[in-house]
Amino acid sequence: MSGPSSPIDTYLAQLEQRLDTDEQSREQILAELRSHLEEAAAREEARGADRADAEARAVAAFGGAGEIASGLNAVHPARWDALRFARGVAWGVVASWFLWTLITYPLVVYLTLQQGHLVGNPPGVAADPALELLFYATPMAFGAFWVLATDPLLWLVPFLLLYAAIPFAWGLRSRRGWRPGLAYGLGVVVGFPWMLPAVVTHWSLGGPSWGTQVLVTVLAIWLLVPFAMLASWLGSHVRLARRPASAAIRRPASQSNPSLRLALSRSLPTILPRALAIAGALALIALGVWSWTAAEAWGARPQPTLVERLATAQSRLAFPIRLPATLPDGVHLTGVEPPPADCSPCSVSLVFQGAHGEELNLAETDFIAAGVPTHSPPNYGVSQGGVTGYHAVWWLGETVTTEQQVNLDWTAGGIAYFLGSNGAFSADELKQVAASIPTGPAGA
Amino acid sequence: VREFKKGSLGMLVLHLLYERPSYGYELCERLRERSAGTLSFEDGAVYPLLHTLERAGLAEGYWESAADGPDEPGGDAARKGPRRRYYRLTSKGVQALRAAVEEWSAFSSAVERVIGDQPALDGEGRR
């Protein structure tokens, strides 16, 4: 019989580790294989080999533990029990967070560099743009949606990786048909619990179009669970189709040099998926490092002053930028977002901030080119009034922090104005600011 | 050629089991002996195949001690050896073997008809 650390025991232990069957099948398989190996070793001993050598020869003739375990796993699929399923969901959560962030980050950095300013509305985790954008790329923020809104084709990259490549690879490895895809897909859904509040928030703050976009994205993530299942199923069957032939015609002695081609063809099905996974992971990490470096360099570049940014904005606008003469105490101009060079309609956004986080946003748009004024979100109360004699519309609603948010839309002199705040100012304060903006040709 | 080889092992194992019930190690030895060493494969590869045949209802597996195994040379019921898992063909397996042999015969005849009358392949062929 084989000793405690004999080649046969070691081999069977390796094979057992790779077996993914139920307990009863595993015991039967191991007993059957042990019987074979013991008999083969006994035959080698009878031919004159010592016990250890005989066992080593029997093991060598038996074949790789991984390939044989893989073949047996396909015949004896383990039940997809609750624990296995929960594990799959957990992996889905981890993978979705990790990949979503790792893949979205370079895209967000790339688009930020292209547009020349920080995208979206990062919550200001740090003054460091590389870190802010990293946060923005996580599933906690809206970087991926911003990529979707800006360049849907770019968004396809994380989309395909999350819902096609990963479940496909999992199916390829586990050969459990659609089940890994279901667990993984649900894991991705569970990994995004913020989505429903995000939809509500964006619907109420950003208007129907943005809300619809987010809603469609959320639904897409749910509806693509079957897509992940299909990818997993395909992965399982690709592997079945390409399993190498078990029998091989022996080559004549003159050609029996242990062929590199034969060795490669046997090991390729095992090596190739791993090599692809490692190469993909390395490429993603390299891309992430490059993105971080690029964002750091971008953040360290000399920043144009407010005056320079105002001058840039003015050079791209066909109307004069008008600043309010009156602002609440302690509030001053802190940001100017010029329009792109090829804008149509053209709009400048001005940000005024106080020392305690209070914020005013003023946007001035070429109304004639724009054609229509901004409309209020449907759940806001709307009232009408005037600003320096021009017709104005007030939107009044509750923000997510339950403070009352007031926004004001009006048009004057061919320019559409929008004045909003983060809920830190009353309607009267906003009206005072609006009235102090010199509107129309007479006030230019 | 790979598909050709892959398809043939199943038929060969079915045929050996048709001759007599057998267990994995013995099947490997019989294959090697009967093919005079031409068919070479890793022994372990026969087990996924045997289990597949069993799952498909073409073969039936059962455990027996070495000494009381079917046709075991020198079997002694009083002195039981190590237990082995034997396989025997079911009626469905016999039907499958017949179909496979018919298909194989048709295939090999067709190949023979195509290449049988050709001259020896010692030149560079007609251009």
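Which residues does L15(A) touch, not counting residues up to four places away in sequence? Select L15(A) in this predicted model: its contacts (heavy atoms within 4.5 Å) are L30(A), L33(A), A65(A), I68(A) and A69(A).

Residues are numbered from 1 along each chain as its sequence is written, and chains are lettered from A in the order in which they are written. Local features need pLDDT of at least 70, side-chain atom pairs count only at pLDDT 80 or more, totals for chains, interfaces and linings use all residues, and side-chain values use heavy atoms, with hydrogens and water left out.

Next, select Y11(A), L15(A), L33(A), L37(A), V13(B), L17(B) and L50(B), which touch the most other members of the 46-residue largest nonpolar core. Such a core is a set of buried (under 20% relative accessible area, 1.4 Å probe, protein chains only) Ala, Val, Leu, Ile, Met, Phe, Trp, Tyr and Cys residues joined through side-chain atoms within 4.5 Å. Another core, of 30 residues, lies apart from it and includes V108(A), V109(A), A141(A) and F192(A).

Now display E32(A), S35(A), H36(A), E39(A), Y23(B), G24(B), Y25(B), Y47(B), R84(B) and R85(B), the lining of the largest cavity. A cavity is a set of points on a 1 Å grid over the protein atoms alone where a 1.4 Å probe fits but cannot get out, and lining residues have an atom within 4 Å of a point. The largest contribution to this lining, 4 residues, comes from α2(A).

Finally, select Y23(B), whose bridge partner in β4(B) is Y86(B). The strands β1(B) and β4(B) (DSSP E runs of at least two residues) run antiparallel and are joined by 2 bridges.

How values were computed. 1 Å grid on protein atoms, 1.4 Å probe; cavity = no way out; pocket = protein on both sides within 12 Å on 5 of 7 lines; lining within 4 Å. Buried < 20%, exposed > 50% of the residue type's maximum accessible area, 1.4 Å probe, protein only. Pairing = 2+ DSSP bridges.
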